Amino acid sequence: NMALDEALLEAASNVGQPVLRFYGWTTAAATFGYFQKLSMVEKATRLRPLVRRPTGGGIVPHDADWTYSFAVPPGHEWHSLAAIDSYRRIHEWIGDAFAKIKIQTSLAPEKKTAGSADLPGECFIGHEKFDLLWHGKKIAGAAQRRNKLGLLIQGSVQPPPVALKREDWEKAMRAAAVDRYSVAWRDFSTDATLMARADELVRQKYSSAVYNGRR
């Protein structure tokens, strides 16, 4: 998953249009930010395996979440946004999607720390400005990487404890983008070149203990 997201960032210019990808996990795991220290992460979560993301941010548990990525090519209006504006926009979009399925959310007006020294860097403990909240609790966070290749946003939604199907939320995400941004969706198929690059990144980086533990 991390390798394919990075491969989509590398290919963004050739693709020429933003790509939204929904995905899940075959087993419980956790990803952690590009700049975090593995030794701190190991102390902060019991989830294994641990994989370093190509984006920043904190520890994200993937045991019951809904994961997505959004790759934007250089030259696209979204690519030129400041990081805080991009962060707000992605969560406004997710908030619109939840509203379509009758779940009311809000954007966090300011940062709120966890108040615990035992969980450094936990993404869903406390919240950052413009995280998405449900009844005051963070349910969506994201991390970004922007460079000359494009913009990659990797996000996680911890669904609220109500009767809700993931496929309904994904459908609502697409519909909300049509309403807010006049998007015309079409299916995106990974080709052999993209998958070969993802496989290469798995071997070179994401399955490597050296890469995951290098900081």
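Biologist: Which strands make the hairpin around H135, and how many residues sit between them?

Modeller: Strand 7 and strand 8 form that hairpin, with 2 residues between them. H135 is in the turn and has a positive phi of about 55°. Keep in mind that this is a predicted model.

Biologist: In which sense do strand 7 and strand 8 pair, and over how many bridges?

Modeller: Antiparallel, over 3 bridges, with strand 7 covering residues 132-134 and strand 8 covering residues 137-147. L133 stands opposite K138 in strand 8.

Biologist: What does strand 8 form with strand 9?

Modeller: Another hairpin, with 2 residues between the two strands. Strand 9 is residues 150-157, and its antiparallel pairing with strand 8 runs over 8 bridges. Q144 faces I153 across that pair.

Biologist: What is the strand order in the sheet?

Modeller: The order is 1-5-9-8-7-6, an open sheet of 6 strands with antiparallel pairing. Strand 1 (19-23) and strand 6 are at the edges; each has a single partner strand, so one side of each lacks a neighbour in the sheet.

Biologist: How many bridges join strand 6 to strand 7?

Modeller: There are 2 bridges, again antiparallel. S106 is opposite L133 in strand 7.

Biologist: Which strands does helix 3 touch?

Modeller: Helix 3 packs on the sheet and touches strand 1, strand 5 (66-72), strand 6, strand 7, strand 8 and strand 9. Its direction makes about 135° with that of strand 8. Helix 4 also packs on the sheet, touching strand 1, strand 5 and strand 9, and its direction makes about 175° with that of strand 1.

Biologist: At what angle do helix 3 and helix 4 cross?

Modeller: Roughly 115°, with the axes coming within 8 Å; helix 3 is residues 83-100. The crossing is right-handed. On the helix 3 side the contact includes W93, I94 and F98, and on the helix 4 side it includes W169, M173 and Y181. By class, the residues of this contact divide into 11 nonpolar, no polar and 6 charged.

Biologist: Now the backbone. Where is the cis peptide bond that involves P49?

Modeller: It runs from R48 to P49, with omega near 5°. P49 is in the loop between helix 2 (38-44) and strand 3 (50-52).

Biologist: What is phi at F130?

Modeller: Positive, about 75°, although F130 is not a glycine. F130 lies in the loop between strand 6 (106-107) and strand 7.

Biologist: Is F130 buried or exposed?

Modeller: F130 is buried, because its relative accessible area is 10%, and the cut-off for buried is under 20%.

Biologist: What about phi at S182, and where is the residue?

Modeller: Phi of S182 is near 55°, also a positive value in a residue other than glycine. S182 is in the loop between helix 4 (166-181) and helix 5. S182 is exposed, with a relative accessible area of 63%.

How values were computed
Residues numbered from 1 in each chain as written. Predicted model: local features only at pLDDT ≥ 70, side-chain atom pairs only at ≥ 80, totals over all residues. Heavy atoms only, no water. Pairing = 2+ DSSP bridges. Helix = DSSP H or I, 4+ residues; strand = E, 2+ residues; numbered from the N terminus. Buried < 20%, exposed > 50% of the residue type's maximum accessible area, 1.4 Å probe, protein only. Axes fitted to C-alpha atoms, helices over the stretch in contact; angles between N-to-C directions. Left-handed = near helix turned anticlockwise from the far one by under 90°. Contact = heavy atoms within 4.5 Å. Nonpolar A, V, L, I, M, F, W, Y, C, P; charged D, E, K, R; others polar.
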